[in-house]
Amino acid sequence: MKIQERTVDIPRKANTTKNDEPVKIWPIVQDALEKIEADEPTREAAEAALESSDGCVTLANYLNGQAKRVHKMDYRFKVPLVVLGAQMAREDDGAESIYDPEEGAIYFETEDHQFSFHIDKEWTVDWEQVADRVQTGYDWDGMEKQVWALDWLMAYLEVPMDDYMVSGDDEEEDDQHFSRI
């Protein structure tokens, strides 16, 4: 199935919504990428990430982190990407999802990373049905993941780091690198 046509059925709590239509993923991801003014390589990496469960989670993490730097971010991407990531994980074993109702978050463990997505109590999503397991008091490492979010996303495009990283000031002894993106 083409990424542009992929949809996700979001499990809902009983009697909370009248619209149970599947949600098209790519249009809402495109809107979020537009809002953060993502360049073409980032858009291509986002599209490639949608091919796997860990990619969906990585993309959701990246967009979530970028949302903090733009005015009035449209968060419509968050629930569909998280739900799609959890559903795809059951097929590709790329991630495990854990819902902690006490913390109000859904966590993902991929082969390389842990991700946390806080959820709004007013959302109509049945998170127990979305997650692989429910665990109160989940032991999350609590580290911020947005610092490396672009690097992790670009890995889905298989772009060598040298193609999007530049060195810092030549006079500095520290070998600092910054993203061109």
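These legends go with a set of close-up views of one predicted protein model.

**View 1. The whole chain, before we zoom in.**
This predicted model has six helices and eight strands. Of the 181 residues, 44% count as buried. Now take the contacts with a separation of 6 or more: 62% of them are between residues 24 or more positions apart. The accessible surface of the chain comes to about 10600 Å², and 42% of that belongs to carbon and sulfur atoms.

**View 2. Inside the largest nonpolar core.**
Here we look at a group of 48 residues, the largest nonpolar core of the chain. Which residues have the most contacts inside this core? They are Leu59, Leu63, Leu81, Ile106, Phe108 and Trp127. Helix H4, residues 78-92, gives the most to the core, with eight residues.

**View 3. Phenylalanine 108 and its neighbours.**
Let's stay with Phe108, one of the core residues with the most contacts. Leaving out residues up to four places away in sequence, Phe108 touches a whole list of others, including Val57, Val82, Gly85, Ala86, His113 and Phe115. Phe117 is also among the residues it touches. The chain has four aromatic pairs by the count used here. In the pair of phenylalanine 108 and phenylalanine 117, the ring centres are 6.1 Å apart and the planes sit at 80°, so this pair is edge-to-face. The cut-off behind that name is an angle over 60 degrees between the planes. Are these two phenylalanines buried or exposed? Both phenylalanine 108 and phenylalanine 117 are buried.

**View 4. Helix H1 and its buried face.**
Helix H1 covers residues 25-35, and its buried residues are Ile25, Trp26, Ile28, Val29, Ala32 and Leu33. Why do they line one face of the helix? Seen down the axis of H1, the buried residues fall within an arc of 165°, so they line one face. A handy bit of background: an α-helix has 3.6 residues a turn, so residues three or four places apart point the same way. The cover over the buried residues of H1 includes strands E1 (7-8) and E2 (23-24), along with helices H2 (40-49), H3 (53-67) and H4. Just after H1 comes glutamate 37, with a positive phi of about 60°.

**View 5**
Strand E3 runs over residues 95-100, and five of its six residues are buried. E3 pairs with strand E4, residues 105-110, in the antiparallel sense over six bridges. E3 and E4 form a hairpin with four residues between them. In the turn, glycine 104 has a positive phi of about 70°.

**View 6. The four-stranded sheet.**
In what order do the strands of this open sheet sit? The order is E5-E4-E3-E6, and the pairing is mixed. E5 (114-118) and E6 stand at the edges with a single partner strand each, so one side of each is left without a neighbour in the sheet. E3 and E6 (residues 133-134) run parallel and are joined by two bridges. Isoleucine 98 turns up here too, with arginine 133 as its bridge partner in E6. As background, strands of a sheet pair through backbone hydrogen bonds, either parallel or antiparallel.

Key: Residues numbered from 1 in each chain as written. Predicted model: local features only at pLDDT ≥ 70, side-chain atom pairs only at ≥ 80, totals over all residues. Heavy atoms only, no water. Buried < 20%, exposed > 50% of the residue type's maximum accessible area, 1.4 Å probe, protein only. Contact = heavy atoms within 4.5 Å. Areas by Shrake-Rupley, 256 points an atom, 1.4 Å probe, with all protein chains shown as cover. Core = buried A, V, L, I, M, F, W, Y, C linked by side-chain atoms within 4.5 Å. Phe/Tyr/Trp six-rings, centres within 6.5 Å; stacked < 30°, edge-to-face > 60°. Arc of directions from axis to C-beta. Pairing = 2+ DSSP bridges.
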